[in-house]
Amino acid sequence: MVQSKRDYGSASRRWEGVGPYYAMFPTRFADDVISRFTAPGDTVLDPFAGRGTAVFSAACQGRRAIGIEINPVGWCYARTKLEPAPHESVVTRLRWLAGNASTYMENAESLPEFFHHCFAVKVRAFLLAARDLLDWRNIAVDRTAMALLLVYLHGKHGSALSNQMRQTKSMAPDYAVKWWKERRLAPPDMDPVDFMVKRLAWRYAKGVPVTAKSEMHLGDAGEALVAISRRLRQQRRRVGLIFTSPPYFGLTNYHYDQWLRLWLLGGAPNAYRVPGTSEMRGKFENGARYIGLLESVFSKAAPTLASDGTVYVRTGAGELTLSATRAALLAAFPEHRLEEVARPYTKPTQTSLFGDSTPKAGEVDLIMRRCPSGPTI
């Protein structure tokens with residue numbers, strides 16, 4: 001059940017919000033689905049894991065979770081939540097970065113105009129050191145430091161390392177510079193380590209979450225599922241619940257909306273789409289490719305599901321999003337019955353934050369359970 005007031009009284013509640021991400025599961029919704037459809041010790045699979053809300057919820061409830069995410073920002077958040085590095089180790093790493101930041105001052109001055117308006121020069125140099133020196137893919141301390149830097153990279157003035165910005169979505173560079181200039185807003189002059197150490201003290205105040213052994217894979221879901229299915233088969237283990245929310249057709253650009261955080265992870269210093277990259281890293285606007293993605297991922301996830309397992313998919317109520325998701329599920333799980341539950345929006349969506357206040361179609365939960373009589377709607 002969704003609660004109106006956030007509860008930060010435990011380690012899991014303090015870590016579940018790492019980090020800001022567009023179109024994410026409500027945490028209490030994930031908690032409820034996992035408790036209803038699985039038991040402790042079961043395995044939960046999310047092939048479109050985003051920031052890992054479902055994976056983290058499952059692991060905190062004693063389920064073994066497997067998540068896959070192609071966007072490194074979401075993966076970094078999810079992997080960190082499952083296994084944060086010790087508090088003091090992260091603080092030490094941040095101080096070490098600050099000690100190396102002076103060697104990046106010249107590079108900080110040569111960054112594009114956006115960065116000069118977004119971050120003070122000391123912050124720019126520190127971020128360049130983090131971008132260059134943190135091995136976030138392979139080392140837990142570096143990954144935790146990077147995940148928390150990503151959380152506070154941009155947001156409200158004084159609550160983040162940046163000039164005034166949205167926290168969930170990176171704004172277009174030219175638009176942001178114009179907006180700041182018109183309002184004569186300068187980036188906050190701060191010590192980035194002091195700022196981060198205070199945020200870490202709050203995050204770690206209740207310790208770190210206790211989670212069941214779980215996995216987060218960085219990469220294409222279709223490719224990762226082949227190896228995961230093979231390994232589960234060798235272990236004679238099956239998934240009790242496939243619980244996910246695939247991207248909605250034409251809703252948001254997963255590269256553009258996170259371009260600044262992707263820059264910190266080693267990407268380009270602009271919001272342009274990288275030529276030749278998968279559409280899964282951007283905005284889903286090609287209907288045929290979108291349908292093919294859903295068919296491929298669900299068909300490859302199907303062999304992992306136990307015979308009495310459940311599939312629970314939250315998707316958009318938009319015509320192509322819903323029809324493509326429904327068709328892909330029916331094809332992948334022909335012996336399961338499909339139930340649809342409408343979830344209309346009751347509050348303004350995140351798109352209203354960016355000037356789009358047009359009515360939205362809402363969401364739909366597609367639930368599939370085994371039925372001897374075969375698939376029905």
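Biologist: In which loop is arginine 236 found?

Modeller: The model is a predicted one. Helix α12 covers residues 221–234 and strand β4 covers residues 239–244. Arginine 236 is found in the loop between α12 and β4.

Biologist: Is arginine 236 buried or exposed?

Modeller: A residue counts as exposed when its relative accessible area is over 50%. Arginine 236 has a relative accessibility of 79%, and therefore it counts as exposed.

Biologist: What is the phi of arginine 236?

Modeller: Arginine 236 is not a glycine, yet its phi is positive. The value is about 55°.

Biologist: Which form, cis or trans, does the peptide bond from valine 18 to glycine 19 take?

Modeller: Glycine 19 is found in the loop between α1 (11–15) and α2 (27–37). The peptide bond from valine 18 to glycine 19 has omega near 0°, and its form is cis.

Biologist: How are α9 and α11 oriented to each other?

Modeller: The axes of α9 and α11 are 11 Å apart, and the two helices pack at an angle of about 105°. Angles of 65 to 115 degrees count as roughly perpendicular. Therefore α9 is, relative to α11, roughly perpendicular.

Biologist: How many residues of the contact of α9 with α11 are charged?

Modeller: Leu148, Leu149 and Val151 in α9 meet Met196, Leu200 and Arg203 in α11. The residues of this contact divide into five nonpolar and no polar, and the number of charged residues is one.

Biologist: Which residues of α8 are buried?

Modeller: Helix α8 spans residues 121–133 and reaches 18 Å from its first C-alpha to its last. What covers its buried residues includes α5 (87–101), α9 (140–151) and α13 (259–264). The buried residues are Val123, Arg124, Ala125, Phe126, Leu127, Leu128, Ala129 and Ala130.

Biologist: With which side chain does the side chain of glutamate 363 make a polar contact?

Modeller: Glutamate 363 lies in strand β7 (residues 363–370). Its relative accessibility is 17%, so glutamate 363 counts as buried. The polar contact of its side chain, at 2.7 Å, is with the side chain of tyrosine 248.

Technical notes: Residues numbered from 1 in each chain as written. Predicted model: local features only at pLDDT ≥ 70, side-chain atom pairs only at ≥ 80, totals over all residues. Heavy atoms only, no water. Helix = DSSP H or I, 4+ residues; strand = E, 2+ residues; numbered from the N terminus. Expected span 1.5 Å × (residues − 1). Buried < 20%, exposed > 50% of the residue type's maximum accessible area, 1.4 Å probe, protein only. Contact = heavy atoms within 4.5 Å. Polar contact = N/O pair within 3.5 Å; in protein donor to acceptor, adjacent residues only side chain to side chain. Axes fitted to C-alpha atoms, helices over the stretch in contact; angles between N-to-C directions. Parallel < 35°, antiparallel > 145°, perpendicular 65-115°, else oblique. Nonpolar A, V, L, I, M, F, W, Y, C, P; charged D, E, K, R; others polar.
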